[in-house]
Amino acid sequence: MDTRQTLPRNGSFYTIIQDLYEQKQPAGVLYEDNGVTRANGLVTSMYEKEGRQWMVLNDSVHIPIDKLYAVNGTFSSDYSEC
């Protein structure tokens, strides 16, 4: 039986992203951007804009944290593509 690590329903990736940022550890993410998109790199900053929390990978890819499907093998509970 395959198992995967999953966030609780309505859980957030915020603390995982914050830990990766503080520890300068790489992030492998899946997120929604007109389809499922994959990105990898260091989280170089985090910020809030217009009530949304964002992360920045390698100073160029800005991703809203609420659009993440997976971070380093941990998936949102409602993501079922794999």
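Reader: What share of the residues in the protein is buried, and what makes a residue count as buried?

Author: In this predicted model, buried residues make up 30% of the 82 residues, where buried means that the relative accessible area is under 20%.

Reader: Why is Ser-76 called buried?

Author: The relative accessibility of Ser-76 is 9%, and the cut-off for buried is under 20%, so Ser-76 counts as buried. Ser-76 lies in the segment after β7, and, leaving aside its neighbours within four places in sequence, it is in contact with Arg-4, Thr-6, Leu-7, Phe-13, Leu-68 and Tyr-69.

Reader: What makes the pairing of the side chains of Ser-76 and Asp-78 a polar contact?

Author: The two side chains are 3.0 Å apart in this pairing, and a polar contact requires a pair of N or O atoms within 3.5 Å, one able to donate a hydrogen and the other to accept it, so the pair is listed as a polar contact.

Reader: Why are Lys-24 and Asp-59 called exposed?

Author: Exposed means a relative accessible area over 50%; Lys-24 has 65% and Asp-59 has 61%, and therefore each of them is exposed. Lys-24 lies in the loop between α1 and β2, while Asp-59 is found in the loop between β4 and β5. Lys-24 has a positive phi of about 50° although it is not a glycine, and for Asp-59, also a residue other than glycine, phi is positive and near 65°.

Reader: Which elements make up the protein, and where does Pro-26 lie among them?

Author: The secondary structure comes to one helix and seven strands, running β-α-β-β-β-β-β-β from the N terminus on, and Pro-26 lies in strand β2, residues 26-32. Leaving aside neighbours within four places in sequence, Pro-26 is in contact with Leu-20, Gly-41, Leu-42 and Asn-72. Pro-26 and Asn-10 are 16 residues apart in sequence, and their C-alpha atoms are 24 Å apart in space.

Reader: How do you know that the radius of gyration agrees with that of a compact globule?

Author: For 82 residues, a compact globule would have a radius of gyration near 12 Å, and the protein has 12 Å, which is why the two are said to agree. Along its principal axes, the C-alpha trace spans about 40 × 25 × 20 Å. Among contacts between residues at least 6 apart in sequence, 49% join residues at least 24 apart.

Conventions: Residues are numbered from 1 along each chain as its sequence is written. This is a predicted model: local features need pLDDT of at least 70, side-chain atom pairs count only at pLDDT 80 or more; totals for chains, interfaces and linings use all residues. Side-chain values use heavy atoms; hydrogens and water are left out. Helices (H or I, at least four residues) and strands (E, at least two) are DSSP runs, numbered from the N terminus. Contact means heavy atoms within 4.5 Å. The radius of gyration is taken over C-alpha atoms; the globule rule is 2.2 Å times the number of residues to the power 0.38. Buried means under 20% relative accessible area, exposed over 50%, partly exposed in between (1.4 Å probe, protein chains only).
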